[in-house]
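I opened my notebook to get to know a new structure. Here it is, so please keep it in view while you read along.

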Amino acid sequence: MPKLVLELTEDFDFDLIGICSHIKDYRLVWELNQVLEIDLCKDANYEIKRKDQFQSHAFFHFCDEENLVDFYLISNRSENGILIPEEKKCDYLFLIKGNLSDDYKPMVVKKIAEIKNVLATYEIEVEALKSKENLVF
């Protein structure tokens with residue numbers, strides 16, 4: 001009898017924006033909610049296991065049901081390490097899932113950059129990340 005092999009491929013169909021800021025997560029969430037006109041809310045911390053220890057990262061979520069878009073803000077740093085080691089300079093990751101127009105992501109980056117306490121913001125190429133599996137939830 002022939003063997004049937006099941007191959008699973010992860011879905012990395014999302015946009016990722018890096019945010020460098022020294023303000024607390026709740027303050028950044030308030031600023032993002034004001035600038036982007038969304039309503040990010042705190043969820044349970046995002047936990048992953050790396051090198052036999054758990055990392056717990058602050059996690060915020062908003063679902064725009066009208067446009068079928070999900071927004072997530074995840075802290076890149078925790079007490080036990082960094083979620084995406086390739087982006088050590090980044091304090092927060094802003095993840096957007098959904099069908100977006102081509103000009104939406106640059107507009108979001110520009111609006112985030114205008115926040116007073118944001119030092120830098122930039123687009124991150126998800127496919128180029130070695131640890132992109134850490135962002136599958």
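Below are my entries, going from the whole protein to single residues.

**Ground rules.** The model is predicted, so I noted that local features need pLDDT of at least 70 and side-chain atom pairs pLDDT 80 or more, while totals for chains, interfaces and linings use all residues. Residues are numbered from 1 along each chain as its sequence is written, and side-chain values use heavy atoms, with hydrogens and water left out.

**Overall look.** I looked up the extent of the C-alpha trace, and it spans about 65 × 35 × 25 Å along its principal axes. Of the 137 residues, 43% are buried (buried is under 20% relative accessible area, exposed over 50%, with a 1.4 Å probe and protein chains only). The protein exposes about 8800 Å², and carbon and sulfur atoms supply 49% of that area (Shrake-Rupley method, 1.4 Å probe).

**Elements.** I found two helices and ten strands; these are DSSP runs, helices (H or I) of at least four residues and strands (E) of at least two, numbered from the N terminus. From the N terminus on, the order reads β-α-β-β-β-β-β-β-β-β-α-β.

**The sheet.** Which strand order does the open sheet of six strands have? I read E2-E5-E6-E9-E1-E10, with antiparallel pairing (two strands pair if DSSP finds at least two bridges between them). Strands E2 (41–42) and E10 (118–124) each have a single partner strand, so one side of each is left without a neighbour in the sheet. Val 69 has Gly 98 of E9 as its bridge partner.

**Helices on the sheet.** Helix H1 (residues 25–36) packs on the sheet and touches E1 (15–21), E5 (59–64), E6, E9 and E10; contact means heavy atoms within 4.5 Å. The direction of H1 makes about 40 degrees with that of E9 (axes are lines fitted to C-alpha atoms, for helices over the stretch in contact, and angles between N-to-C directions run from 0 to 180 degrees). Helix H2 (residues 104–113) also packs there, touching E1, E6, E9 and E10, and its direction makes about 165 degrees with that of E10.

Most residues other than glycine have a negative phi. Glu 37, not a glycine, has a positive phi of about 55 degrees. I found Glu 37 in the loop between H1 and E2, and it counts as exposed at 70% relative accessibility.

Is Leu 68 buried or exposed? Leu 68 is exposed, at 67% relative accessibility. Leu 68 sits in the loop between E5 and E6, and its phi is positive too, about 55 degrees.
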